[in-house]
Amino acid sequence: MSLMDLKEEWDILNDRPFEECVDILPVFPAPDGVRYSNSSNLFWSETYISSSVDDAKLERILALFEFLMSEEGQAFCHYGIEGEDYIRLESGEYHCLLDLTSAEGNPVSLSTALAEKYPSSSLFVNLATWDICDWNSLELNEMNSLLYGEHCMTLSNKSAIWFRDNTTQLERPYAFLNFPKEATDLFSTNRAFEAFVDCVIGDQDAVAMWEDVLEEMRGNGLEEYINRQNQLYREYLE
């Protein structure tokens, strides 16, 4: 989905094709030479129900959640209404029945077509669950390619397989999200990310540029900042 959104923005702002210009970088090795990837819980967010709702409304909300988490509800969010927007083949695969062409005659993704036909579907898809994120959603098949675009699916599939085969997975301790970090402008995530992007799209050697950024950060006390936050976090856990 993120790649599809990026492609739509790219196609608006650039003349050169997305397929020729965009790829997914493999994760960099850590200082110990190992390439790590994140293997976390399947959940990290939640949906709240107001304490002011009465019992009748609560029952309707829970009934909606139950539907959205069912196979039928998930199918609606991703493929539409069976018999009208899709059918199930004997093999069990989904087959799209929609004409995925815009009013201007341009091809559109299935996600875009469904959002236009059922505006509430973009809300429902993440209301009870944080979308589908498993190997089925990364398979190269007709419906996934229609949902997100063939090139976006090819990139996602290639990247997922590479991470599976070439990285060591670590669990991410989500308790750190609750820890109030020391405010900083020098080492903020946004500043670091902007510097990283500048290195990727710059006209000099990207690795050398990034090493210069790190050297500047270290000179400004990056290591001390990291050690201080880690020590405070360990005390917080105790």
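Tutor: In this predicted model, the buried residues of helix H8 pack against helix H1 (2–13), helix H2 (18–21) and helix H7 (142–148).

Student: Which residues of H8 are buried?

Tutor: Cys-152, Met-153, Leu-155, Asn-157, Ser-159 and Ala-160 are buried in H8.

Student: What makes the span of helix H8 close to the expected one?

Tutor: Helix H8 covers residues 150–166, which is 17 residues. Its first and last C-alpha atoms lie 24 Å apart, and 24 Å is also expected at 1.5 Å a residue.

Student: Why is Cys-77 called buried?

Tutor: A residue is called buried when its relative accessible area is under 20%. Cys-77 has 8%, so Cys-77 is buried.

Student: Why does Cys-199 count as buried?

Tutor: The relative accessibility of Cys-199 is 3%, which is under 20%, and therefore Cys-199 counts as buried.

Student: How many disulfides does the structure hold?

Tutor: The structure holds zero disulfides. For Cys-199, the nearest cysteine sulfur is that of Cys-21, 20 Å away. A disulfide requires two cysteine sulfur atoms within 2.5 Å, so Cys-199 is in no disulfide.

Student: Where is Asp-185 found, and why is Asp-185 called exposed?

Tutor: Asp-185 belongs to the loop between strand S4 (168–170) and helix H9 (189–201). Exposed means a relative accessible area over 50%. The value for Asp-185 is 70%, so Asp-185 is exposed.

Student: What separates the C-alpha atoms of Asp-185 and Phe-196?

Tutor: These two residues, Asp-185 and Phe-196, are eleven residues apart along the chain, and a distance of 16 Å separates their C-alpha atoms.

Technical notes:
Residues are numbered from 1 along each chain as its sequence is written. This is a predicted model: local features need pLDDT of at least 70, side-chain atom pairs count only at pLDDT 80 or more; totals for chains, interfaces and linings use all residues. Side-chain values use heavy atoms; hydrogens and water are left out. Buried means under 20% relative accessible area, exposed over 50%, partly exposed in between (1.4 Å probe, protein chains only). Helices (H or I, at least four residues) and strands (E, at least two) are DSSP runs, numbered from the N terminus. The expected span of a helix is 1.5 Å times one less than its number of residues. Contact means heavy atoms within 4.5 Å.
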